[in-house]
Amino acid sequence: MKIQYLGTAASEGWPALFCRCEACEKARKLGGRDIRTRSQSLVDDRLIIDMPPDTFYHALKFSVDLPSIQDILITHTHEDHFYPLDLILKAPPYAHGGSVQNLHVYGSAAVTGMLKETMKLSGIPEIEDYITPVEVEAYKPFKAGDHTVTALPADHMKNENCYIYIVENDGKRLLYAHDTGIFPRETWVYIRGMRFDAVSLDCTFVLDYNERGHMGFPNALEVKRRFLHDGCADGNTRFVINHFSHNGNKTHAEISAHAAGNGFLTAYDGMSLMF
Ligand SMILES: [Zn+2]
Ligand SMILES: [Zn+2]
Ligand SMILES: [Zn+2]
């Protein structure tokens, strides 16, 4: 299985659009891995997770063949993870030829509701031939192409069911956990004893402590320890931190040095991980 991180920032990007803080100015100077766009990942070159406003840029920068994509998982409706207006561009007159496969977009009722509203407002009568919103429930595995996916509750928004996702294929299992704080109890119960090959954890607060809504590194480390304790991980499980805010004020080199010492990879835009 392969995951490629296309965007690894929190909602404002890093450097943030309108920010002159020390972290953003440093990122502008350093470039490279210190430039982080909004959250999106690609699994096995065919399953996309989240649809931020930077999707167009990601497709150009990392040669993602968007017309061939048939499945997109959405974690929640925050705009750095879900920008449904770009999905309308799947239909003519915005796309022709190679773009005819129906695109399945999976998410909570909040996600599918927002998508259906956007489709209606598009005024394109045949839009439903191009995009299929698929409402998914927590704990119920479903097929997204040849991947088996299970949504689980995240700890993120009070007024919406936000999901983290288990993605399985070829005997491998990934947990994609963005955006979330320390998982809700029922999520811990569901995954207990389920071994993961790779675990991607929220690290919005970078090296600072934060339990609810998002995590920082001390909390991601706490989750890792619990995975090892609960039989969800072993010495071969790859742990990744991802989704960073400029307010953490650390360079990629500083974050990754700290994380590596604790057995974590630090995601950067374009990073691929095979497991
Ligand atoms: Zn986010
Ligand atoms: Zn900043
Ligand atoms: Zn969010």
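Reader: Is His 76 buried or exposed?

Author: Buried means under 20% relative accessible area, exposed over 50%, and partly exposed in between, with a 1.4 Å probe and protein chains only. His 76 has 0% relative accessibility, so this residue counts as buried. By contrast, His 78 has a relative accessible area of 26% and is therefore partly exposed. This is a predicted model, in which local features need pLDDT of at least 70 and side-chain atom pairs count only at pLDDT 80 or more, while totals for chains, interfaces and linings use all residues. Residues are numbered from 1 along each chain as its sequence is written, chains are lettered from A and ligands numbered from 1 in the order in which they are written, and side-chain values use heavy atoms, with hydrogens and water left out.

Reader: Which residues are the protein donors of the zinc ion (ligand 3)?

Author: Donors are N, O and S atoms within 2.8 Å of the metal (3.2 Å for Na, K and Ca); water is not among the atoms, so sites may look incomplete. For the zinc ion (ligand 3) they are His 76 (NE2), His 78 (ND1), His 156 (NE2) and Asp 179 (OD), at 2.1 to 2.4 Å. Their spacing in sequence is H-x1-H-x77-H-x22-D.

Reader: Why is the arrangement around the zinc ion (ligand 3) irregular?

Author: Ideal angles at a metal are 109.5 degrees for four tetrahedral donors, and 90 or 180 degrees for six octahedral ones. Four donors count as tetrahedral if all angles lie between 85 and 135 degrees; four count as square planar and six as octahedral if opposite donors are over 155 degrees apart and all others between 65 and 115; anything else is irregular. The 4 donor atoms around the zinc ion (ligand 3) subtend angles of 89 to 167°, which makes the arrangement irregular.

Reader: Which protein donors does the zinc ion (ligand 1) have, and which residue coordinates both zinc ions?

Author: The donors of the zinc ion (ligand 1) are Asp 80 (OD), His 81 (NE2), Asp 179 (OD) and His 243 (NE2), lying 2.1 to 2.3 Å from it. The angles of its 4 donor atoms run from 90 to 157°, so this arrangement is irregular. The zinc ion (ligand 1) and the zinc ion (ligand 3) are 3.6 Å apart, and Asp 179 coordinates both. Asp 179, in the loop between β10 and α4, and His 243, in the loop between β12 and α6, link distant parts of the chain, 64 residues apart. Asp 179 is buried at a relative accessible area of 2%, and His 243 is buried at 1%.

Reader: How many bridges join β7 to β8?

Author: Helices (H or I, at least four residues) and strands (E, at least two) are DSSP runs, numbered from the N terminus. Two strands pair if DSSP finds at least two bridges between them. Strand β7 (residues 142-144) is joined to β8 by 3 bridges, and the two run antiparallel; Phe 142 stands opposite Val 149 in β8. Their hairpin has 2 residues between the strands, and Gly 145 there takes a positive phi near 65°. On strand β9 (residues 163-169), β8 pairs in the antiparallel sense over 6 bridges, with Thr 148 opposite Glu 168. Strand β8 (residues 147-153) has 6 of its 7 residues buried, so it is largely enclosed by the rest of the structure.
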